[in-house]
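Good morning, and thank you for the time.

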Amino acid sequence: SRYQVEDESSHLDEMPLMMSEEGFENDESDYHTLPRARISQRRRGLEWFICGGWKFLCTSCSDWLINICRRKKDLKARTVWLGCPEKCEEKYPKNAIKNQKYNIFTFIPGVLYEQFKFFLNLYFLVVSCSQFVPALKIGYLYTYWAPLGFVLTVTVVREAVDEFRRYKRDKEMNSQLYSKLTVRGKVQVKSSDIQVGDLIIVEKNQRIPSDMVFLRTSEKTGSCFIRTDQLDGETDWKLKVAVSCTQRLPALGDLFSINAYVYAQKPQLDIHSFEGTFTREDSDPAVHESLSIENTLWASTVVASGTVIGVVIYTGKETRSVMNTSNPKNKVGLLDLELNQLTKALFLALVALSVVMVTLQGFVGPWYRNLFRFLLLFSYIIPISLRVNLDMGKAAYGWMIMKDDNIPGTVVRTSTIPEELGRLVYLLTDKTGTLTQNEMIFKRLHLGTVSYGTDTMDEIQSHIINSYSQVHSQNSGNSTSSTPSRKPQSSAPKVRKSVSNRIHEAVKAIALCHNVTPVYESRAGVSGETEYAEVDQDFSDENRTYQASSPDEVALVQWTESVGLTLVNRDLTSMQLKTPGGHILTYYILQIFPFTSESKRMGIIVRDESSGEITFYMKGADVAMSTIVQYNDWLEEECGNMAREGLRTLVVAKKSLTEEQYQDFESRYNQAKLSIHDRNLKVAAVVESLEREMELLCLTGVEDQLQADVRPTLEMLRNAGIKIWMLTGDKLETATCIAKSSHLVSRNQDIHIFRPVST
């Protein structure tokens, strides 16, 4: 196959092109040593086989047989027609969740194999079987088989209970009912019966059953939020956007009146990327819309707002969540491994003692039979009661953990390793959301020459009130003139802006450059596809909450509200800001570039409704923004100062665009988004063409407060001898500050910094 050819070529690349002459010359003594080398190799091979090689060979053979039985088919890209599963060209896996280790046929053989692969159990099995030989029988059968049978019974019952619990959890998930949209209306369907191409309706707080493309939502904004904590462990809500072509349809039933399909890439592991296209063929011309990760709804996530409708593209084993889940394996604790090694040592001592006894007899008669009888007589040196007590203790520990009132709701999913909790040596913890509350508070704004803290925010508020009052007075004075008051940007000389103007630009940029959506609670119950009425959204401050995928953005928008510039409304195409004087400013959203872990920044292009000016705003980490903004001599130093205070920093910048510049960018950007191959690289290259010589506006600092009782908890764990490692993507200075404030590192402890090694 092609993959084998590539592997062979890679090995050939590693080989030398020419061997030296010494490589072909062999001394005659080498040939004399070959037979001895082969003999020693055979001896090493025999020792390896006796000492555990047989177990390795059995495991390899069983894995080979399993791979033969479960032949993986090649995953391919697919074309999925909306609401037409029968048009699928291939047969896709069933949408059933299966976390069981065994089935009804493999349960007993599998459990017995897992038990007898340990030397202790295998030893007692051999000893018990030897009592069926009359010449070796030295006691009653039940004295050997009863303890072994008890151990096996306890193990089988324990495994059966764990397997039954897994079966019940799987059955509960597979039996959940969902609304499936058909030509005749809505029908209820089980999660396990969902097929590729089905149109599934998922209500608020309901689990998404399979990987879907987001077609439609009941939210007026055309977007919704989902919770992904069961997929990636992050508690922040993620914003998802519906396909604009289907969101604009008047009613749900119109999804069957259009002739459309989704082209999706082949299933893969990466949960943070997706490439596909949506095509509607019955329109003239045909509508082509690019699909990205923001248009997807992965399985095992939960809808947090509104009702969503999606078309299923991946099911069962091909979903992102299942592909990132390893096959269930039997977990073995360190205590079992140590006991197995001690049993081998005791067995060697037992053999040595038996040889001594046979030697004292003088090897008279059938000495090998006497040797085996001595082995049986001394077999009580290896106590089987130890294994019995160990299994009973594990079962008791698991039951006590689940019944502990101090940790309610704890579930013991594996009852074979509860004692491992007492042997923890290393503890790895995340910083954001684990040691800290993941609730941000705005603390600092730096403009280059002046810095504002929590005690001087009233000065910013007064600057904002004055600047917007002047803007509105100028607009009212120019309202009688028919010509728009646009400033020529190219010919105007560069003058140093006043502090008031810089504050005005910085606050406006922070209020516009984000993915935050204001949400207003409805006064009346809303169901189905009925939208909120305009009268319900009264823009009252007490009725407004903010939703975003990042708490940093919520903190920034809440701060702009506190200083007078309030985000009051947002949809897919526009957002509205309320000034201190109560005037509403409307900005049209032309493009959004969401934050990614690779780019470490997000951007937005907006058009001011009143002036028509197009502005590109961007904010991100200082490491990503330092090469994008114009030269300055204060950014790096101030980022370090804020980080040493434990603040999370963001750099905010802007760039004004002409109509011609934006039209050129839009054409190149849309063309890159529709490409199938290397889409991310092409899109990034187009966006980077704008990210040059941007005007640096400000540097912000937000604080993430520590969790309650995190200090005594970490101190208690450290005193218990547990070594704690904190994982974070923040700056080194921020991580050091949090480590000290949370008592992860004591005040008098030295901190060693390992710099990257350069060659």
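A word on the basis first. This is a predicted model, in which local features need pLDDT of at least 70 and side-chain atom pairs count only at pLDDT 80 or more, while totals for chains, interfaces and linings use all residues. Residues are numbered from 1 along each chain as its sequence is written, and side-chain values use heavy atoms, with hydrogens and water left out.

Two packed helices are described by the angle between their axes and the distance between the axes. Axes here are lines fitted to C-alpha atoms, for helices over the stretch in contact, with angles running from 0 to 180 degrees between N-to-C directions. Helices (H or I, at least four residues) and strands (E, at least two) are DSSP runs, numbered from the N terminus.

Let us begin with helix α4 (residues 119-130) and helix α5 (residues 142-174). Their axes come within 9 Å and cross at roughly 150 degrees. The two helices are therefore roughly antiparallel to each other; angles over 145 degrees count as such, those under 35 as roughly parallel, 65 to 115 as roughly perpendicular and the rest as oblique. The crossing of α4 past α5 is left-handed, a term used if the near helix is turned anticlockwise from the far one by less than a right angle, with right-handed used if clockwise.

Which residues of α4 and α5 meet? From α4 come Asn 121, Phe 124, Leu 125, Val 127, Ser 128 and Cys 129, and from α5 Tyr 144, Trp 145 and Leu 148, where contact means heavy atoms within 4.5 Å. By class, this contact has seven nonpolar, two polar and no charged residues. In that scheme Ala, Val, Leu, Ile, Met, Phe, Trp, Tyr, Cys and Pro are nonpolar, Asp, Glu, Lys and Arg are charged, and the others, Gly among them, are polar.

Setting aside neighbours within four places in sequence, Asn 121 touches Gln 115, Phe 116, Leu 148 and Arg 387.

The second pair is helix α17 (residues 635-644) with helix α21 (residues 732-741), whose axes come within 7 Å and cross at roughly 15 degrees. That makes α17 roughly parallel to α21. Here the crossing is right-handed. Gly 640, Ala 643 and Arg 644 of α17 make the contact with Glu 733, Thr 734 and Cys 737 of α21. These residues divide into two nonpolar, two polar and two charged.

I turn now to the charged pairs. How many salt bridges does a search of the whole structure find? There are 19, each a side-chain nitrogen of Lys or Arg within 4 Å of a carboxyl oxygen of Asp or Glu.

One of them joins Arg 423 to Glu 338 at 2.8 Å, N to O. Arg 423 lies in the loop between α11 (384-402) and β14 (426-430) and Glu 338 in helix α9 (residues 334-361), so the pair ties together parts 85 residues apart in sequence. Arg 423 is partly exposed, at 33%, and Glu 338 is partly exposed, at 37%.

Another links Lys 443 with Glu 703, the closest N and O atoms being 3.6 Å apart. Because Lys 443 lies in strand β15 (residues 436-446) and Glu 703 in strand β25 (residues 695-706), this pair ties together parts 260 residues apart in sequence.

Thank you; I welcome discussion.

Methods:
Buried < 20%, exposed > 50% of the residue type's maximum accessible area, 1.4 Å probe, protein only.
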